[in-house]
Amino acid sequence: MTVATAECPECTAEVGFERAPLNAEVVTCRGCQAELEVTSIEPLRVELAPEVEEDWGE
Amino acid sequence: MRIALLHTRIRAEERLLIEALDARGIETDVIDVRSFVLDPAGPGIEADAVLDRSMSVAASRAALSVLERSGVPCFNGTRTLDVCSDKLATAAALAGAGVPAPRTLAAVGEQAALEAVERIGYPAVIKPATGSWGRLIARVSDRESAEAILEHKFTLGSTLQKTVVVQEYVDKPGRDLRIFVVGGRAIAGIARSSEHWITNTARGGSATGINVSGEIGAISEAAARAVGGGILAIDLLECPRRGLLVNEINHSMEFRNSIDTTGVDIPGVVVEHVLERAGAPTIEMAAMRARSAAMEASA
């Protein structure tokens, strides 16, 4: 069940959340496969996630 | 009890850890390191432990070096971070502890790097000292390809790319092993298979659960001790000649695809370990106490 929605900034498709979104959470848009990052909860907003940086990893 | 969870992005792993903390009624401060002001002379952080899940090595090192000094236990600590985030430091730590690993050389100049490749012999693997997810790793099968890769690295690469690690190529049987070690104990493991020689699941490898008792668990636990311990994922190669070899050690492990595969509640084990080290009565400890109280009552 979707508990919150936002609009994909890349393709304008609706991005649904099945659990309460968290700031900095990363989701994938089902419309365009863009990787999005939650940048605001109230109001809910997502932006294109930053590119992976050189020292990022596990 | 209060835990600070440091992050850059919230991936599935961070969400699972936050949920595991919530399920235990632990107050959790979820802190984006990118918005965190560090004060080395300040009082530190109001938390009983710090669980670092930042994806950036530089951000982790900055935050942990300040927080650790304030006396709060950090997972993982800076020593483990420094060793594991540098493949050369990892190789040195493993060699120092007598843990078997692929033969490794390193160089910071182009000609010396070529010399290192020639000494290892072909095929050889050229890697950056810092990096993850199988990025910028090359297998070279002859001097011409080694010269080409090294010229590109030294002409176009960043400073980090100019510390070149050269490793013997281990002709593994189409898979490698990843063992999760938490608090010195091997808790779960997967075999990652791929038709490509780079078997990272981040590169499309598929995973199945494996038993971590016996030699696999023992070498993984020895590797974890060698790098300072903590919450780690140990990558093992099965060398047809030398047996199990420790290839790399990950200090900020990903595990979302290994929970169902192994049947082990990895985030639960991680959180229990952090709480235990932070001094909280964990679910495991509470259950043990309940069992011994019941035994006393029935005696």
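**From a strand pair to a helix crossing**

Mentor: In chain A, L36(A) stands opposite L48(A), which belongs to strand 5 of chain A. This is a predicted model, and the two strands concerned, strand 4 (residues 35-40) and strand 5 (residues 45-48) of chain A, pair in the antiparallel sense over four bridges. A hairpin of four residues links strand 4 of chain A to strand 5 of chain A. Chain A also touches chain B, with 13 residues of chain A in contact with 21 residues of chain B. On the chain A side of this contact there are five nonpolar, two polar and six charged residues.

For the close look itself, please turn to chain B. Two packed helices are described by the angle between their axes and the distance between the axes. In chain B, the axes of helix 4 (residues 87-97) and helix 7 (residues 215-226) come within 9 Å and cross at roughly 115°. Because angles of 65 to 115 degrees count as roughly perpendicular, helix 4 of chain B is described as roughly perpendicular to helix 7 of chain B. The crossing of helix 4 of chain B and helix 7 of chain B is right-handed. Where they meet, helix 4 of chain B contributes A93(B), L94(B), G96(B) and A97(B), while helix 7 of chain B contributes A222(B), A223(B), R225(B) and A226(B). Sorted by class, this contact of helix 4 with helix 7 of chain B has six nonpolar residues, one polar residue and one charged residue.

Methods: Residues numbered from 1 in each chain as written. Chains lettered and ligands numbered in written order. Predicted model: local features only at pLDDT ≥ 70, side-chain atom pairs only at ≥ 80, totals over all residues. Pairing = 2+ DSSP bridges. Contact = placed C-beta atoms within 7 Å. Nonpolar A, V, L, I, M, F, W, Y, C, P; charged D, E, K, R; others polar. Axes fitted to C-alpha atoms, helices over the stretch in contact; angles between N-to-C directions. Parallel < 35°, antiparallel > 145°, perpendicular 65-115°, else oblique. Left-handed = near helix turned anticlockwise from the far one by under 90°.
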